[in-house]
Amino acid sequence: MISHQAAAQVRLTESEMTEPALTQASLADGADPGARRILIVDDEPNIRSFIGRALAAAGYLTGFAGSGTEGLRRALDSHYDLVILDLVMPDMDGCSVLDHLLRARPDQTVMVLSCVADVATKVDCLERGAKDYLTKPFSLAELLARIRVRLREDAHLRGDALRPGEAGGEVIRVGSLTLDVARLVADIGQGPVPLTRLEFLLLRELAEHSGQAVAKGKLLASVWGYDFDPGSNVVDVCVRRLRSKLGFDLIKTVRGEGYQLAIR
């Protein structure tokens, strides 16, 4: 596990302390022109450097920001495949950064990395639109694994793996429901309805288990990742939002079992 104290033992060179907007991993580290770009927003330089070195070694291109204001500016000025965001920072807290960033770029993938470990804060950040939440101290192996999962998931949602000659991404159809994976749009025969990423992932999970009740615990694991309290109401809130957008009858509650897509 990596604590603040352990990370503080990492020695920084003068060039690392200045932290340019984007630092490219060397070819020896496996980086290439198509490498994924990750922005690390954290007010602790030792944490930024520690994570940055690990990401560079894994072949990612890394950018850095030492405050919320700087992080928001860099995230909006450049394209990053993933933003790793601390919550407790000077001059602009992480929740405000998250709100402003997702308002301007709804599809931006954000992973919160914070010492704030209470369930209420985790749920709040996920409801605001964060894709994942990992607490400090953290396992570096787990951080890298979660990054890989989130980037792979985003590539799938964008329809990166299209078949040759295919104009659009994957389309899922269950009864009258159509899910456009590339556009994050659902249609139940009354016109396309845009969904948030979490809403789409939850609905897709239910569609892939059509005719079956899906337990809340499974939905938490599949849509929000793991390490969350099964007693959280984050799934219920997301289901309510889907019902308000697509009709109450689309998703039915199966008492004691979870939620099920109503086939129509």
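Let's start with strands β7 (residues 177–180) and β8 (residues 185–187), which run antiparallel and are joined by 3 bridges. Strands here are DSSP E runs of at least two residues, helices are H or I runs of at least four, and both are numbered from the N terminus. Two strands pair if DSSP finds at least two bridges between them. Within this pair, D180 has V185 in β8 as its bridge partner.

A quick word on the source: this is a predicted model, where local features need pLDDT of at least 70, side-chain atom pairs count only at pLDDT 80 or more, and totals for chains, interfaces and linings use all residues. Residues are numbered from 1 along each chain as its sequence is written, and side-chain values use heavy atoms, with hydrogens and water left out.

Back to the sheet: it is open, with 4 strands in the order β6-β7-β8-β9 and antiparallel pairing. Its edge strands, β6 (171–174) and β9 (193–194), each pair on one side only.

Next, the hairpin. Strands β10 (residues 251–254) and β11 (residues 258–261) pair antiparallel over 4 bridges, and K252 is bridged to Q260 in β11. The hairpin has 3 residues between its strands, and G256 in the turn shows a positive phi of about 80°.

Now, friends, two arginines over rings. A charge sits over a ring if NZ of Lys or CZ of Arg is within 6 Å of the ring centre and within 35 degrees of the ring normal. R37 lies over the face of Y80, at 5.2 Å from the ring centre, and R243 lies over the face of F248, at 4.5 Å.
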